[in-house]
Amino acid sequence: MYLCISTVYSLFKGNTCALDSNIYMAIKNIYPCEVNVASETGRLRAVLLHRPGVEIERMTPLNAAHALYSDILNKPIVDTEYHYFSGVLEKWTNVYYVEDILEELLNDSEIRRHLVEESCDMDDCDDGLAAELMDMPSAELAKALIEGYEDPAWDCVSDERYLLKPLYNLFFTRDASSTVYNRVLVNSMSFEVRERETLIYEAIFRNFFKVDTLNAMVWDRDARTEGGDVQIASSDLLCIGQGIRTNTKGIKYLAQTFAKERERFSILVQELPKSPESFIHLDMVFTFLGKHQCMAFEPMLRKTGLFAGKDTTLITIEGGKISYKKFPNIIKGLEHLGWDIEPVIGGGSDPWNQLREQWHSGCNFFSLGDGKIMGYRRNTHTIDALDKAGFAVLKAEDIVEGRADMAAYDKFVAAFPGSELPRAGGGARCMTMPILREN
């Protein structure tokens with residue numbers, strides 16, 4: 001059985017007496033799913049999301065760059081786009097939401113105290129605020145921890161309006177945590193504005209899903225990993241991006257961790273440009289679409305432009321020993337390991353379209369299962385390339401509103417609207433944190 005909650009919930013599907021949302025959350029609390037992801041493309045059984053909230057409206061042109069955004073977002077449009085994104089997932093799998101779980105966890109006084117004290121310590125808040133937060137109802141406190149807490153003495157002039165800083169990037173649930181087989185890697189974030197996200201994920205996975213966690217910073221304070229760089233290719237292979245977010249020490253931590261646990265294991269590392277910001281993670285230039293297909297940014301494969309001189313290195317762990325071998329590109333590295341995989345080129349054949357669509361997460365697809373994917377519809381040349389590669393193109397609106405059935409297609413791309421969401425700097429894979437997949 002993959003998911004206890006699915007069994008319970010299925011009894012109510014099609015029933016005129018539908019589950020009340022509070023009852024559904026209570027059942028989820030009793031029956032959280034197991035945690036296990038051993039591939040990028042196994043049938044998705046559970047995923048963790050966060051609906052973009054008021055926190056994204058707490059950016060201005062003055063603090064957007066600090067929040068790691070290149071622009072400020074229009075929330076009503078974000079809400080509509082996210083509705084269709086999350087609606088596709090809710091039609092396909094079991095969806096957990098960060099804010100729902102956090103609210104539930106805050107009913108536990110010990111967890112509440114830990115999150116409040118650590119959050120206030122990270123944001124340099126005084127003891128008076130911590131005491132005020134401790135007295136809040138759980139729902140209100142959950143909002144404050146995510147959306148921020150305004151300084152009641154703010155003078156309407158200072159740039160520092162919030163005592164507890166908003167978590168502007170929390171809806172990119174992939175980055176701060178990554179399911180790696182039967183554990184969760186709580187990532188060591190490269191920018192201070194995102195560090196507090198890890199407190200929430202650590203609490204969720206340790207106390208709700210009750211799973212062991214890994215953290216590179218426990219091994220070395222300078223080690224960095226982020227989930228957009230971590231791709232679980234198979235039970236014995238990780239593909240990792242090395243760039244501005246995940247560094248060599250973070251990769252070394254993963255290599256040494258698995259060297260102690262596995263007789264044989266491989267990590268295929270792709271070096272990334274340090275700028276511009278559209279290349280922050282591996283999943284911005286490479287994602288798995290199925291067992292035999294991937295989406296790739298052509299300059300990365302050809303090692304041209306910003307990828308000229310960027311290494312592709314295979315780390316092999318065998319009998320506790322670690323060795324290194326360079327390859328022309330990530331496809332050649334996969335072929336060496338026995339993979340038969342064909343790239344679909346993001347942006348199609350025109351180099352200008354490739355650059356334009358990569359900027360708005362054109363390669364950032366998320367797999368629901370083998371050959372079943374979702375991504376932004378705005379990247380028309382990429383969607384056309386998928387169409388030519390045999391993927392049926394389904395509009396997310398048709399899926400959510402019941403006019404299209406994903407189960408009727410062997411291969412499809414669920415294309416959801418994106419005019420505001422891509423401006424935040426991520427796509428479908430960035431906004432999803434898989435918890436459970438079939439092997």
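Predicted model: local features only at pLDDT ≥ 70, side-chain atom pairs only at ≥ 80, totals over all residues.
## Ground rules

Local features need a pLDDT of at least 70 and side-chain atom pairs count only at pLDDT 80 or more, while totals for chains, interfaces and linings use all residues. Residues are numbered from 1 along each chain as its sequence is written, and side-chain values use heavy atoms, with hydrogens and water left out.

## The second largest pocket

Start with the second largest pocket, which has a volume of about 670 Å³. (On a 1 Å grid over the protein atoms alone, a pocket is an open set of points where a 1.4 Å probe fits, with protein on both sides within 12 Å along at least five of seven lines; lining residues have an atom within 4 Å of a point. Points are joined across faces, edges and corners, and the volume is the space filled by probe spheres set on them.)

Its lining has 24 residues, and Asn63, Asp159, Glu160, Lys165 and Tyr168 lie nearest the centre. The lining splits into eleven charged, nine nonpolar and four polar residues (Asp, Glu, Lys and Arg are charged; Ala, Val, Leu, Ile, Met, Phe, Trp, Tyr, Cys and Pro nonpolar; the others, Gly among them, polar).

Most residues other than glycine have a negative phi, and most peptide bonds are trans. Leu68, though, has a phi near 75°, and Ser361 has one near 60°. Leu68 is partly exposed at 23% relative accessibility, whereas Ser361 is buried at 2% (buried is under 20% relative accessible area, exposed over 50%, partly exposed in between, with a 1.4 Å probe and protein chains only).

Then there's the cis peptide bond between Ser275 and Pro276, with omega about 0°.
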